[in-house]
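Have a look at the structure first, then we'll go through the contacts by topic.

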Amino acid sequence: MAVAEAHDLYRARFDALAARREATDPIWLAPIRARAMQRFVALGFPTTRHEEWRFTNIAPIAATAFAEPSITAVDRSTIAPFDVRGMSCTRLVFVNGHFSEALSSAGALGAGVRATNLATVLAVDPGLVDPYITRCASDEDQALVALNTAFAHDGAVIHVPARTVVPDPIHVIYLSTTSGAPTVSHPRTTIVVGDQSQVKIIESYGGPDGEVYFTNAVTEVVGGAGSHVEHVRVQRESLSAYHVANTQVRLDRAAVYAQHSFVFGGALARNDIGAWLGAEGIHCTLNGLYLASGTRLVDTHTAIDHAKPHCESHEVYKGMLDGASRGVFNGKIFVRLDAQKTDAKQTNKVLLLSDDATINTKPQLEIFADDVKCTHGATVGQLDETQLFYLRARGIGEAQARAMLVHAFASEVIDHVSLEPLRDSLESTLLTLLPKAALIG
Amino acid sequence: MLQITNLHARVDDKSILRGINLSVKAGEVHAIMGPNGSGKSTLAGVLAGRDAYEVTDGSVTYKGQDLLELDPEERAREGLFLAFQYPVEIPGVNNAYFLKAALNAVRTHRGQPELDAMEFMALVKDKAKLLDMDSGLLSRPVNEGFSGGEKKRNEIFQMAVLEPTLCVLDETDSGLDIDALRIVAEGVNALRSPDRAVIVVTHYQRLLNYIVPDFVHVLSEGRIIKSGGKELALELEDKGYGWIEADGAAVARG
Amino acid sequence: MSTSTDTIEQLATQEYKYGFVTDVESEIVPRGLSEATVRAISQKKNEPEWLLEWRLRAFRAWLEMAEPAWHNVHYPAIDYQDIIYYSAPKPKKQLASMDEVDPEIRATFKKLGIPLDEQMRLSGIAVDAVFDSVSVATTFKDKLKDLGIIFCSFSEAVLEHPDLVRQYLGTVVPHTDNFFAALNSAVFSDGSFCYVPKGVRCPMELSTYFRINAKDTGQFERTLLVADEGAFVSYLEGCTAPIRDENQLHAAVVELVALDGATIKYSTVQNWYPGNKDGVGGIYNFVTKRGKAMANAKITWTQVETGSAITWKYPSCILQGDNAVGEFYSVAVTNNMQQADTGTKMVHLGKNTRSTIVSKGISAGKGQNTYRGLVKINKGAAGSRNYSQCDSLLIGDRCGAHTFPYIEVKNPSSTVEHEASTSKIGEDQIFYLRQRGLSTEDAVNMIVNGFCKEVFRELPMEFAVEAQKLLGISLEGSVG
């Protein structure tokens, strides 16, 4: 399928949906969707001529005629891999983009806290998302965000009122499963945390290995003044799937936000993460770990925008690339004229486990204020031979020594997750995924 | 202990404090609340002697002396302690080394002998326990690489070591999650004593659940527009600053 | 209320403490530069023919070279014909012992705190002192001789150990290396020479003090240090000059040769006269320093650069042998109108070679501080690693910090790490410390020394203390 045909396909599908949308969408959403569709057609699928997509060719996505999936009932066992043993939580499950009440379950939420799904909210209580949806993730120059806005019909909606501590974490699961033909879903997650409230949220994406599908996710997070949000994203899509996700975070005064992103799956995975630090005293952490092997491509673009004084941001991204896989990392930090006393630190470390793996890494600091502290560091390399030798000199076999070092490299990111059961689960996932080549050299 | 009379101050020609009157006696805990930009942090800064603020009128008497005449370090040595809203990082300067220098400066001023390294470490370990501080933080550079919570805890820890007579806490609660807030509040409460006064500057009532004040003052546009007991804080939390500001404006006009 | 500014103003007006002039009679070669000047210098030093030839080759090469312009320092054109290339304190007679050194000169070194007297033996540092262009005294020579260590002035080495000098001179910095190195090769007057034989660990710090005294003189000293296989030597270098309104040129060359398994630690505290507040006077310091490390050898450069109007130097390591290690630790301070363009080159040729760069730049007043570094990993340097850290501290808002790290990696099994930061010493840091009871002076010292800690701990103890003080003096007056 040519790219122009792809645009036509989505356009036609959008028009076909219009009638049904009239019944389900609140009135204010219609013009937003129409505009988003226009933006998508105007922008088109990004190509490698686009600076932000220079190293990531998404032609395979544009060239596939992904079908709209039908509502599928899946067996409870299908989502077993997402279970975090020993973690009591509220669980919201979406299958192929549709909410599954049967698979979802409630945990301790606290008074006034809503953990629900977009389709229901749009039908019965659209005011809950009206002030937020599309306010964080702009579709102005992001074709895929525009595509999501045009088509999204479901996804998690989490709303925590002011001065509320949510006792149990909330686990949002997006499962994709196809029955043959490649399908596309556009999950839309909205997270709103009120002033001085605390919540921990996990977003998981996944699907059975070998299946070809396209997840085009958008997540919007609004953190109120003095709020504490821990946000973990675990991407374990099928190794043949395409995953494009855009997460945009807006934070208010003295908010504390920490995101831990784990990318384990996808033939092509692209993550855009943006944080807008729009008031004083905010602490923002963006950490990430990505693994790739075979001919997979993992691309992460982060942007932290310091707009006001006295904010801190910390960013640690680690990648492990094996086989002929490719990694792309672009970390932008903006420090606006107003943002004196900013403290921003970015670290990007990549372990190349084979001769054919490649990485394009680019820290990009744009600083307009003069009284700031900004640091960036980048490392690209192999396992430290001296460390390896040290371990071997203590009698540890080479394979095990390599495994220990690779594991240590990766687990540093996992260690920052505060939920112990989730840490354990991520650790065991890591062990099954660590490239065998690294273990035997 | 502290007498603030008709205090006016400005920053870069912008007047921020416009006639503060406040009397703090030993043993009391005063909370100063107010919306952003009301002058809370300016007041804390003026008390500690920050250069950027220019006092244009009024006086501050502390333990019988003119506080405004003293250099910041003299105020500190006289027992005035400011817990910073944004604790400053000082790379390469070991936390324990810095604190020993500070403590010995204060002790020398008080006519007490300086502590040697052994005595100092014993004291510090004791105080670190009080705040549930990882003693590893002591050997790290001052505030560098500390999380927001660790920085605030470190402020209160320094306060515990320096044993000041007047403690000014500038938005110590901002950036703290509920658990850290409790620990910090416990640390402050442990320091409450009949010969020590505390001024808690905060935007939110939440901290005052844990550090219960004797008096609450509401600051708006550089003036204290309402004072009351601890219940005033709860009232503010419910109704916001709007109602009282409207009230205050009416009072000011009348 | 007295503000921190008062204290600082006071300290700012503090004068350059080493700025006195010593009144000694000097013997000079007439102003200007030609083949005749080169010949005259060589003749004064009774040099062998091969060295004169070498100098002349350098001079001819220099004539063909252009002064470099790629650096980030700006200064009025230097008139190379208006410099006196050779100035030596007139010897009263042949010196037989330390006691016979001109009392004026001894007094000078005493003022500088340099342990020339035997009574300073306890400090355990062997010193070679270079006054203007000539080495005036070397201490502890006999003790070192017992171990087979040669530590003497360069001129003496040329006469007494010509084979060693000839074997190594120009092998690390060739006479055609760059404009300033070529100039030095043509006209260098003296300097220090050191040879540590195989397997010998030099038991004391070796030290050279350089002093420019005479007016309108350039100082062109040359240091050659050879550590034979398995040897160890730690070498210190200090520099001062009197206050003069004119700029003076200093173009030195230092060559280090670390043979298999040898270790050389080379530490510099450079405190040439920086010029006054308005940028009048001061030394133009154009220096080429380079070391060659053979297999398993290690070279460490540590420098504290507080002086000079202009500093242009890149102490470098050629890591030629397998497993060779190169290190560079630097603190460079520019205050008032000072400019510094400094850094290092780490050239990895051998396998598993390692290099570490820690650079701390401090800019105050209108000072401009540039870090310029090259890390080059050649095709054959498998398994090599570099770690670079460049931190800049800005004091005030009229100064500048610039970082130019160049990285060339041609071997895929190598790892290069680079970290950089720029921060500002703020009123708020000082206020924070004062709020805890510390004086402004102590606060500034604490902050600056904290920033430089990683470099200071590489310096030998006596030097570290001196460096800390020096830094305090160079910067006081810059905050407030």
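Into which domains is chain A divided? There's domain 1, covering 3-277, and domain 2, covering 383-441. Keep in mind that this is a predicted model.

**Inside chain A**
- The centres of domain 1 and domain 2 of chain A, taken over C-alpha atoms, sit 32 Å apart.
- Where the two domains of chain A meet, domain 1 puts in 12 residues and domain 2 puts in 11.
- On the domain 1 side, strand E8 (198-206), strand E10 (228-236) and strand E12 (256-263) of chain A each give at least two residues.

**Chain A with chain C**
- This contact draws on 13 residues of chain A and 14 residues of chain C.
- Strand E20 (residues 373-381) of chain A brings the largest share of chain A's side, with eight residues.
- By class, chain A's side has two nonpolar, six polar and five charged residues.
- E20(A) runs antiparallel to strand E23 (residues 415-424) of chain C, and seven bridges join them.
- Within E23(C), Ser421(C) is the residue opposite Thr375(A).

**Chain C with chain B**
- Here 20 residues of chain C touch 24 residues of chain B.
- Helix H9 (427-435) and helix H10 (440-456) of chain C are the elements giving two or more residues to chain C's side.
- H9(C) has the largest share of that side, at seven residues.
- Chain C's side splits into seven nonpolar, seven polar and six charged residues.

Definitions and conventions
Residues numbered from 1 in each chain as written. Chains lettered and ligands numbered in written order. Predicted model: local features only at pLDDT ≥ 70, side-chain atom pairs only at ≥ 80, totals over all residues. Contact = placed C-beta atoms within 7 Å. Helix = DSSP H or I, 4+ residues; strand = E, 2+ residues; numbered from the N terminus. Nonpolar A, V, L, I, M, F, W, Y, C, P; charged D, E, K, R; others polar. Pairing = 2+ DSSP bridges. Domains from an automatic or database assignment.
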